[in-house]
Amino acid sequence: MFFHGIPAQFVPGDLYLSPRRTILNKGREQLQDRRGLIRRFGFEPVHLFESSPDFPVRECVRNCLRYGDVIFLFRSLPLPLWQISHHEIGVQTLDLQQAEVVLLSPQVNENMDWLKQISCPVLYLQYGKRGENPTPYSISDA
């Protein structure tokens with residue numbers, strides 16, 4: 001599975017991600033990263049974590065939550081794919097309507113307009129007793 005974390009307020013209304021659309025929203029450090037990715041790949045890819053035996057679903061979810069309170073899960077991705085790092089895959093653009101599942105942090109407002117367009121299951125994350133280790137209920141590490 002592939003995972004993309006994004007803040008709820010930055011999910012585009014048309015559910016289509018392209019880094020070229022968000023250039024003006026990037027800070028100095030993000031723009032430097034963007035330039036490095038363009039030098040390396042010729043464009044700035046959309047980043048996704050890929051689950052594997054040494055990087056299970058829970059680890060993907062934990063890492064995605066560093067980037068946002070909404071996580072889109074995909075069974076497959078459009079080709080071509082680029083290996084960004086050991087656990088990260090990149091694609092040029094990403095159609096969020098192709099997601100298999102959407103995970104929401106408890107603080108996400110369920111009345112957000114883009115949520116009405118989602119046709120896959122939408123699940124809320126459940127937190128441990130002390131508020132750490134968020135895990136999606138109904139999702140296994142299989």
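**A salt bridge within a helix**

Arginine 62 forms a salt bridge with glutamate 59, their closest N and O atoms lying 3.0 Å apart; the term denotes a side-chain nitrogen of Lys or Arg within 4 Å of a carboxyl oxygen of Asp or Glu. This is a predicted model, in which local features need pLDDT of at least 70 and side-chain atom pairs count only at pLDDT 80 or more, while totals for chains, interfaces and linings use all residues. Residues are numbered from 1 along each chain as its sequence is written, and side-chain values use heavy atoms, with hydrogens and water left out.

Both partners belong to helix α2, where they are 3 residues apart, about one turn of the helix; helices (H or I, at least four residues) and strands (E, at least two) are DSSP runs numbered from the N terminus. Arginine 62 has 30% relative accessibility and therefore counts as partly exposed, as does glutamate 59 at 29%, given that buried means under 20% relative accessible area, exposed over 50%, and partly exposed in between (1.4 Å probe, protein chains only).

Helix α2 spans residues 57–64, and its buried residues are Val57, Cys60, Val61, Asn63 and Cys64. Viewed down the axis of α2, these buried residues fall within an arc of 165°, so they line one face of the helix; the arc is that of the directions from the helix axis to the C-beta atoms.

A search of the whole structure finds 3 salt bridges, including one between aspartate 113 and lysine 116, with the closest N and O atoms 3.3 Å apart, where both residues are exposed.
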